[in-house]
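Subject: Model for your files, with notes

Hello,

Here is the model I said I would send. My notes on it follow below.

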Amino acid sequence: MTIRTILVDDETLAIQGLQHRLAAFDDVEIVATCNNGREAIRQIKTEKPDLVFLDIQMPGFDGFSVVQGLMDIEPPLFVFVTAYSDHALRAFEADALDYLMKPVEEARLADTLERVRARLLEKKGAVDAERLMEVLTEHAPEAAEELAIATDEAGPAADRYEKIINIKDRNQIFRVEVDTIERVEAAGDYMCIYTAENSLILRETMKDLERRLDPRRFQRIHRSQIVNLDHVKQVKPHTNGECFLLLDSGAQVKVSRSYREVVARFVH
């Protein structure tokens, strides 16, 4: 898979530096470079790239204006590249995939491209599956039904789920590895994310967060609580069919009777 990419920055040296770093990745094809926001909008609509590395502070149309100027098309993935960390919150609010600081570090860039590949594969897989189902539904409805059943039984692929979650809390951006999340507790439209060393507040509903987490590992044990099964150290039975899970950090969380099938995973 080739990642068709556009670079946008009003500084020629910045574009050349990013081109040099991206040359190390064989699957990245730079299809255009732009020195201002208006040119970027034109090139993105023409080239329809998979990915855009976008500077924020540019004369005239800044990076955020470029994103707004593309609301009428299906947008590419955006990675903001800037020398100013105080734009991070707005960048993630603009649904940027990532936010890189100049000068871009090679290891950090490699991590970003891994996330790009995962997101593009997820998107391609969804599109291919949808096209196949449309063809089968029209020409072989019985095969379409069998495929739908087989897909449901196979379960979701692990690659489609987030490996890192960006959390805006206390006017900072925390990059939390999903593996380190021990449990999640709902509080209205906010989630309390607990790791062994920290607790953070994420503005998101439980339903939306569940879509981002692998259900084979992250299970609802209460209507307002999700636990990472990899961090369960002990199961402690309680009264009325309820029980407690003892986690690696020492925290105890109660499993309500409605979700007791989760406990069955530990007693086979």
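Which residue stands opposite V79 in β4? That residue is F53. Before the rest, two remarks on conventions. This is a predicted model, in which local features need pLDDT of at least 70 and side-chain atom pairs count only at pLDDT 80 or more, while totals for chains, interfaces and linings use all residues. Residues are numbered from 1 along each chain as its sequence is written, and side-chain values use heavy atoms, with hydrogens and water left out.

Overall

The secondary structure comes to 7 helices and 15 strands. Helices (H or I, at least four residues) and strands (E, at least two) are DSSP runs, numbered from the N terminus. Of the 268 residues in the protein, 38% are buried; buried means under 20% relative accessible area, exposed means over 50%, and partly exposed lies in between (1.4 Å probe, protein chains only). Contact means heavy atoms within 4.5 Å. Among contacts between residues at least 6 apart in sequence, 52% join residues at least 24 apart.

Around β4

Two strands are taken to pair if DSSP finds at least two bridges between them. On that basis β4 pairs with β3 (residues 51-55) in the parallel sense, over 5 bridges. β4 also runs parallel to β5 (residues 98-101), with 4 bridges joining the two; here T82 has M101 as its bridge partner.

β3 and β4 also belong to a right-handed β-α-β unit, whose helix is α3 (residues 63-68). Right-handed means that, with the strands pointing away from the viewer, the path from the first strand over the helix to the second runs clockwise.

V66 is found in α3 and is buried, with a relative accessible area of 0%. Leaving aside neighbours within four places in sequence, V66 is in contact with G37, A40, I41, I44, L54 and M58. Its C-alpha atom and that of D55, 11 residues apart along the chain, are separated by 9.9 Å.

Helix α2

Four of the contacts of V66 named above, G37, A40, I41 and I44, are also the buried residues of α2 (residues 37-47). Seen down the axis of α2, these buried residues fall within an arc of 100° (taken from the directions from the helix axis to the C-beta atoms), so they line one face of the helix. An α-helix has 3.6 residues a turn, so residues three or four places apart point the same way. The buried residues of α2 pack against β1 (3-8), β2 (28-34), β3, α3 and β4. R38, R42 and T46 are exposed and sit on the face turned away from the buried side.

At the N-terminal end, α2 is capped by N36, with a side-chain oxygen 3.2 Å from the backbone nitrogen of R38. The cut-off for such a polar contact is a pair of N or O atoms within 3.5 Å; within protein, one must be able to donate a hydrogen and the other to accept it, and residues adjacent in sequence count only if both atoms are side-chain atoms. Just after α2, K48 takes a positive phi of about 50°.

Later strands

β11 (residues 218-222) has 4 of its 5 residues buried. β11 runs antiparallel to β12 (residues 225-228), joined by 4 bridges, and the two form a hairpin with 2 residues between them. R220 has I226 as its bridge partner in β12.

β13 and β14 (residues 243-247) are joined by 5 bridges, and V235 stands opposite L245.

P237 is found in β13 and counts as exposed, at 75% relative accessibility. Not counting residues up to four places away in sequence, P237 touches E242 and C243. The C-alpha atoms of P237 and K254, 17 residues apart along the chain, are separated by 9.7 Å.

Regards
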